[in-house]
Amino acid sequence: MSKRGYAASKKLLTGLIGAPIAHSASPAMHERAAEALGLRCHYQLIEVAGADAAGLAMMLEGVRRLGFAGVNVTFPYKEAVVPLLDALAPRAAAMGAVNTVVVKDGRLTGHNTDTTGFARAVAPLLAPSGNAVAVIGAGGVGKAIAFALASLDVTDIRIFDSELARAATLVSLLAPRGGARVAASVEDALHGATGLVNGTPVGMLPNRDTPVAVTLLHDKLWVTDAVYSPLITPLLAAAQERGARIMTGRELAIYQAADAFELFTGLAPSTEIMGEAFDEVMAARSSTYRAASSRPVGMPGV
């Protein structure tokens, strides 16, 4: 549907495919942004764990047929959806990862707003004199982060993944842009680095681990995390304690959502309004978590 069509109908159906996604702030951000533009948006969470290619294809066919303007895609399907789409935007095709699928004239086109969103978020942290950035994780999010850094002319990107072959694949995808290498270990990635980005789900609730040993963090480093549930992940808490500058996943979440919304509708949303919606979700979740933590053992939730 065209921009004019959405303005006329004032209705918009979008959503998110992934698992686990009950924690997502995307419904609040998209629905609030639409309301501010005079649209009525329903953002549907489509949580299906362990879907194979056939199952994922069925979900996408439902998106095509049920009147969706598009859907976002998150862990663990950002790479798996790629061969199931009708077309890919150039950036998504280059990295082989999609987080936004737009439906137009019955065709599904994949985009990656994690890349544009992260580029907007991280730019203030980069030094004009040069940067060496360690990226932990080479999956769908890690790919988007690495491509974002390359788009900002970061020429020393060290990529570590527990599956070294996956890191090597990402480095090969970045080869035309130059400046990326496979790191043999987290320690190798961080040696002499000025920045660190966690592109893995490690640290996302209920997980309370960190992908980087505390001893490797220091006050000459900036650290950011793609995870935003919790907002201050174990990695960010440890980095802050050791004097590093930190950036939470808030900015990435807001900017990637804003770019996806514009792809869905042709309308530019207010990132301020999206940010307010995000903050309200996180504040409510924090209150719920504190209340649950203070209950006597065995007391059920309400």
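The expected span of a helix is 1.5 Å times one less than its number of residues. In this predicted model, helix H3 (residues 53-65) has 13 residues and should therefore span 18 Å, which agrees with the 18 Å that separates its end C-alpha atoms. The points below begin with that helix, then turn to the nonpolar cores, the annotated lysine, the aromatic pair and the backbone features.

- The buried residues of H3 are Leu 56, Met 59, Leu 60, Gly 62 and Val 63, and because they fall within an arc of 150° when the helix is seen down its axis, they line one face of H3.
- An α-helix has 3.6 residues a turn, so residues three or four places apart point the same way.
- On the other side of H3, the exposed residues are Ala 53, Ala 54, Met 58 and Arg 65.
- Leu 60, which is placed in helix H3, counts as buried because its relative accessibility is 2%.
- Leaving aside residues up to four places away in sequence, Leu 60 touches Ile 17, Val 81, Leu 84, Leu 85 and Leu 108.
- Leu 60 and Leu 108 are 48 residues apart along the chain, yet 8.3 Å separates their C-alpha atoms.
- Just after H3, Gly 67 adopts a positive phi of about 90°.

**Nonpolar cores**

- In soluble globular proteins, nonpolar side chains tend to be buried together.
- The largest nonpolar core has 31 residues, and those with the most contacts inside it are Phe 118, Leu 149, Ile 157, Ile 159 and Leu 174.
- At least two residues of this core come from each of helix H5 (113-122), strand S7 (132-136), helix H6 (140-151), strand S8 (156-160) and helix H7 (164-174), and H6 gives the most, with seven residues.
- Ile 159 touches Val 135, Ala 138, Ala 146, Ala 167, Leu 170, Val 171, Leu 174, Ala 180, Arg 181, Val 182 and Ala 183, when residues up to four places away in sequence are not counted.
- Another core lies apart from this one and has 23 residues, among them Met 29, Ala 34, Ala 277 and Met 282.

**The annotated lysine**

- Beyond residues up to four places away in sequence, Lys 78 touches Val 73, Gly 96, Ala 97, Val 98, Asn 99, Asp 114, Gly 140 and Val 141.

**The aromatic pair**

- The structure holds one aromatic pair, formed by Tyr 228 and Phe 278, whose rings are 5.1 Å apart centre to centre with 65° between the planes, an edge-to-face arrangement.
- Tyr 228 lies in the loop between strand S11 (222-225) and helix H9 (234-241), whereas Phe 278 lies in helix H11 (residues 271-294), so the pair ties together parts that are 50 residues apart in sequence.
- Tyr 228 and Phe 278 are both buried.

**Backbone features**

- Most residues other than glycine have a negative phi, and most peptide bonds are trans.
- Ala 19 and Pro 20 are joined by a cis peptide bond with omega of about -5°, and Pro 20 is placed in the loop between S1 and helix H2 (26-36).
- Leu 205 and Pro 206 are likewise joined by a cis peptide bond, here with omega of about 10°, and Pro 206 lies in the loop between strand S10 (195-198) and S11.
- Asp 105, a residue other than glycine, has a positive phi near 55°; Asp 105 is placed in the loop between S5 and S6 and counts as exposed because its relative accessibility is 72%.
- Asp 153, although not a glycine, has a positive phi of about 65°; Asp 153 is found in the loop between H6 and S8 and counts as exposed because its relative accessibility is 64%.

Conventions
Residues numbered from 1 in each chain as written. Predicted model: local features only at pLDDT ≥ 70, side-chain atom pairs only at ≥ 80, totals over all residues. Heavy atoms only, no water. Core = buried A, V, L, I, M, F, W, Y, C linked by side-chain atoms within 4.5 Å. Buried < 20%, exposed > 50% of the residue type's maximum accessible area, 1.4 Å probe, protein only. Helix = DSSP H or I, 4+ residues; strand = E, 2+ residues; numbered from the N terminus. Contact = heavy atoms within 4.5 Å. Phe/Tyr/Trp six-rings, centres within 6.5 Å; stacked < 30°, edge-to-face > 60°. Arc of directions from axis to C-beta.
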